[in-house]
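Welcome, and please open the model in your viewer. We will go from stop to stop, selecting as we go.

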Amino acid sequence: MMTQNKKTSKKLAIHGGTPVRTTPLPSWPQYDEEIDAAIQVLRSGKHARQSGSYVSQFEEAFAAYFGVKYAIAVSSGTAAIHVALAALGVGPGDDVINTAHCFIGTATPVVHCGAVPIFADIDPRTFNIDPVSVRQKITPYTKAIVPVHLNGCPADLDSLLEIARQNHLFIVEDAAQAHGATYNGRLVGTFGEMGCFSFWEDKIISTAGEGGMIITNDEHLAKRAKMIHHHGELRRDGDYYQGERLYYHPFLGYNFRMTEVQGAIGLVQLKKIPTYITLRRRNAHLLSQRLRDIEGVIPPYEPDNVTHVFYKYILKLDRKVIQLPAVDVAKAISAEGIPATRRYPTPLHQQPVFVEKRGFGNTNAPFVEPWYKGQVSYGSGLPVAESLPNDLIMIRMNPLLSEEDIEDIACAIQKVISFFISQESHSLH
Ligand SMILES: Cc1ncc(COP(=O)(O)O)c(C=O)c1O
């Protein structure tokens, strides 16, 4: 915790001054009953979902929480998007519109389906995909849009759904960072044909490191997704686990199954979403209140019609006041004992795998003819996505942070920003 002395010490820790904080912030995730649940599964000897019932229970509870008919548990958020796109029939010759400012797991599933990602630019306030740019990116080959609800802030779904309706496109929502976030009062993940979630280690809820879920109200898509994530296998009664096993495979499938340990942990975690979200929002709003009057930083924007769940707390540098790159500001904040990093330093359309169209084997498949008849080139042309990494600083947010922790975070940011602003204004005179 911070002392008055540290609060008033102006010399930055990166320059040998006293850091604002010397003890680590509370780490995330935190498991308690989850550990007993996992041990119980391990002791039972039923570890695969075909043997036990925890994954099925988790799916049922997840579907009930989201008010949808079907939930399909998978091994990761990336697998969820892959299975969802495959269930929708996305394949060679198609393209899919993705956001350029994100983790690559939102886009690689497109390629793994044999299709081509086309990246759209970003809204500079929410950092979500910009519907205006989406419209410009549609080609005769476009089959779907994958909007991400980034950092826990819902994307502009009204506009995206309208674009999808007008152009006969599917929407697969990437809600990997936004469990429990709402748009116009409704949970995200429930707007598109399918919604996808990640339970990776530090997500809003997690299932022991890895895990994912797909939700949908469409019976046909749910059936396809169940088969595709399980070797494309069909059982005698048409279900994918309960019937007699025929080793009969009508579809190309994968092994993307969730384990029983993950299912048992997920079942416990799911009940905690409302509390976790309340605490994340309280902490983020406390921090934003503290930062609101600090020159040089812009706290996260929360549109009126959404509930942002603050998976991460993203600060934007105000370029009217401070010119230093985010990487340097983040290093200085980290030195004060508050972990801070850049957010997604390389936009997706500038990742070498896309710029050089590195595809299957040693080929450029599926980015070029004869697989894809459109023209796609990566590397530039998305000005907001290209400038954001220089402007954004990511502060970890979690439900365990206390008011004192938030105060330390605010003090570290204030100390660093004030120092750099004063340096810049000196150098101008
Ligand atoms: C927005 C987004 N999409 C997709 C993924 C992929 O999820 P996973 O890491 O569970 O495969 C992540 C993950 O971390 C993510 O943040």
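In which helix is the place of alanine 80? Select helix α4 (residues 77-87) and you will find alanine 80 there; helices are DSSP runs of H or I, at least four residues, and strands are runs of E, at least two, numbered from the N terminus. Before moving on, note that residues are numbered from 1 along each chain as its sequence is written. This is a predicted model, where local features need pLDDT of at least 70, side-chain atom pairs count only at pLDDT 80 or more, and totals for chains, interfaces and linings use all residues.

Stay on alanine 80: is this residue buried or exposed? Alanine 80 is buried, because 33 other C-beta atoms lie within 10 Å (buried means 20 or more, exposed 12 or fewer, partly exposed in between, with C-beta atoms placed from the backbone). Now show its contacts (C-beta atoms within 7 Å): leaving out residues up to four places away in sequence, alanine 80 touches Val74, Cys196, Phe197, Gly212, Met213 and Ile214. Phenylalanine 197 is 117 residues away in sequence, yet 7.0 Å from alanine 80, C-alpha to C-alpha.

Next, select valine 83. Beyond neighbours within four places in sequence, valine 83 contacts Val74, Ile214, Ala225, Ile228, His229 and Phe256.

Now for the ligand. Of the 14 residues around the ligand, Ser76, Gly77, Thr78, Gly105 and Ser198 come nearest (near means a C-beta atom within 6 Å).

Last, display the open sheet of 3 strands, ordered β7-β6-β11 with antiparallel pairing (strands pair if DSSP finds at least two bridges between them). At its edges are β7 (186-187) and β11 (306-307), each pairing on one side only.

Methods:
Two residues are in contact if their C-beta atoms, placed from the backbone, lie within 7 Å.
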